[in-house]
Amino acid sequence: MLKQILSKLPRKSSKTADSRERGGNHAIYSSVSGGARSSDFGTGKSGNLSASSFPAPNSMADVGWKCANLKPNGNHALSSYEALPAFKDVPAPEKQNLFIKKLNLCCVVFDFTDLIKNLKEKEIKRQTLLELVEYVTSANGKFSDAVLQEIVKMVSANLFRSLSPQPRENKVVEGLDSEEEEPSTDPAWPHLQIVYEFLLRFVASPETDAKLSKRYVDQSFIIKLLDLFDSEDPREREYLKTILHRIYGKFMVHRPFIRKAINNIFFCFIFETEKHNGIAELLEILGSIINGFALPLKEEHKVFLVRALIPLHKPKCLAMYHQQLSYCITQFVEKDCKLADTVIRGLLRYWPITNSSKEVMFLNELEEVLEGTQPPEFQRCMVPLFRQIARCLNSLHFQVAERALFLWNNDHIENLIVQNRKVILPIIFPALEKNARNHWNQAVHSLTLNVRKIFYELDPELFKECLLKFQEDESKEDEIEVRRETKWKRLEELAEKKASGSEAVLVSHKANTNGSSG
């Protein structure tokens, strides 16, 4: 009788747990690393689970624990621990319940600012998270409503937190490459990384029913996910980028909302803060989205281009995301060539005046846009465009002038210029002539002579007309300058006569010199 009673009591897993500690850990790593994904954007920087990605100093692969009073915000009392079996050690009908228990287990958030606090519990949670990733990856049945609720609960408890940004006064500097700085990292990243991988595998899983999941992966969830894009950790933003893109592809009902939410982030960044860490990643997502737009483009997409994308050229920190922005802009022009005029006029509106490095970026983007521009759209904007190019040709910053002259190396752009040379050459001829005479940089001087030669060989008569007009304007300017100097001399003489009399008049030679320039 006593033996029968004792046999029914639960036994502590000693040898089995020891064997799992030695052999079970390897099984988890091998299976998880085998399910490595490739990023939608071709980066391959995140998402590859392996033993090197998640170091395990103390292997506790299949040991779980329970608390008497679990709370996802970290205010909990660790009263007792209990070993949770591995998924392979329970019958198939019980795996879902075990999965939910493990999800609840991982809802507890630990304080990683204290390196020596709860070390054992942190390692148990990390190993449990790895098991959850493996389970989601190899799931072969649709996730139930109860499971979906617990999944979103666990992800929300771990990921949705208030970001503590570092002082950014010295970060948003003109021409500063953000990659040169040491990124700020979250001390909880050893757990956060596995939770992000879990969420990615969950969203990408064919067993995740979009119609059922949209009740939990709702607009509130997406907004909180978008808030995390301001994280200073580039690894976190890389995961967020891939996950949001997967959500956009899977949950079609959320697509308009996601575009609108990103739009609002851009508005806040452009017109209020000019501070946000995730603009490049959001633009990278949009580049893929724009590439999939159906033709003809909807009016809302064109409005987005005009009101959000083009004004993104305004902030000083453009260098941090210009490559992604330029790709989005050119995607619109490739989709609808009639938008080229709108884009070029938008660039001219935000063209930098005193920032030379930003001007070079604008010229690079301008060349990409002009490559997709057709003659009718080019003719509508060529006059203001080449007035700006003429100013760039005369820039004392040699890189700006050189980059403007490189436009003639593009065959498509050169053909557009040749077809409209009667309008364009009179606009840029004074700038070419001044460069040919006295530009300080030898490379700019040589490129200018090559461009002059192209126009001269193409249309000698037009070239001579422009040269004659330039010489006439130059002589008129000389006459105007002589008359101005004569007037100022007369004023100086009158001032001297009055100064010699009873009235005291102070005439500054420096003031006269400044006045003559106006």
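Colleague: Which charged end sits over the ring of Phe-87?

Modeller: In this predicted model, the charged end of Lys-102 does, at 5.3 Å from the ring centre. Lys-122 is placed over the ring of Phe-112, with its charged end 4.6 Å from the centre. Phe-87 also belongs to a cluster that ring pairs build together with Phe-99, Tyr-135, Phe-143 and Phe-202.

Colleague: How many aromatic pairs does a search of the whole structure find, and what describes a pair of aromatic rings?

Modeller: A pair is described by the distance of the centres and the angle of the planes. The search finds 20 aromatic pairs. One of them is Trp-189 with Tyr-239, a tilted pair with 6.2 Å from centre to centre and 55° between the planes. Trp-189 lies in helix 6 and Tyr-239 in helix 9, so the pair ties together parts 50 residues apart in sequence. Trp-189 is buried at 7% relative accessible area, and Tyr-239 is buried at 2%.

Colleague: Why is the pair of Trp-408 and Phe-455 edge-to-face?

Modeller: Because their planes stand at 75°, and over 60 degrees counts as edge-to-face. The ring centres are 6.4 Å apart. Trp-408 lies in the loop between helix 17 and helix 18, and Phe-455 in helix 20. Trp-408 is buried at 5%, as is Phe-455 at 3%.

Colleague: Is Asn-158 buried or exposed?

Modeller: Asn-158, in helix 5, has 8% relative accessibility and therefore counts as buried. A polar atom of the Asn-158 side chain lies 2.9 Å from the backbone oxygen of Met-154. Beyond four places away in sequence, Asn-158 touches residues including Cys-106, Lys-125 and Leu-192.

Definitions and conventions. Residues are numbered from 1 along each chain as its sequence is written. This is a predicted model: local features need pLDDT of at least 70, side-chain atom pairs count only at pLDDT 80 or more; totals for chains, interfaces and linings use all residues. Side-chain values use heavy atoms; hydrogens and water are left out. Helices (H or I, at least four residues) and strands (E, at least two) are DSSP runs, numbered from the N terminus. Buried means under 20% relative accessible area, exposed over 50%, partly exposed in between (1.4 Å probe, protein chains only). A polar contact is a pair of N or O atoms within 3.5 Å; within protein, one must be able to donate a hydrogen and the other to accept it, and residues adjacent in sequence count only if both atoms are side-chain atoms. Contact means heavy atoms within 4.5 Å. Rings of Phe, Tyr and Trp (its six-membered ring) pair if their centres lie within 6.5 Å; planes under 30 degrees apart count as stacked, over 60 as edge-to-face and the rest as tilted. A charge sits over a ring if NZ of Lys or CZ of Arg is within 6 Å of the ring centre and within 35 degrees of the ring normal.
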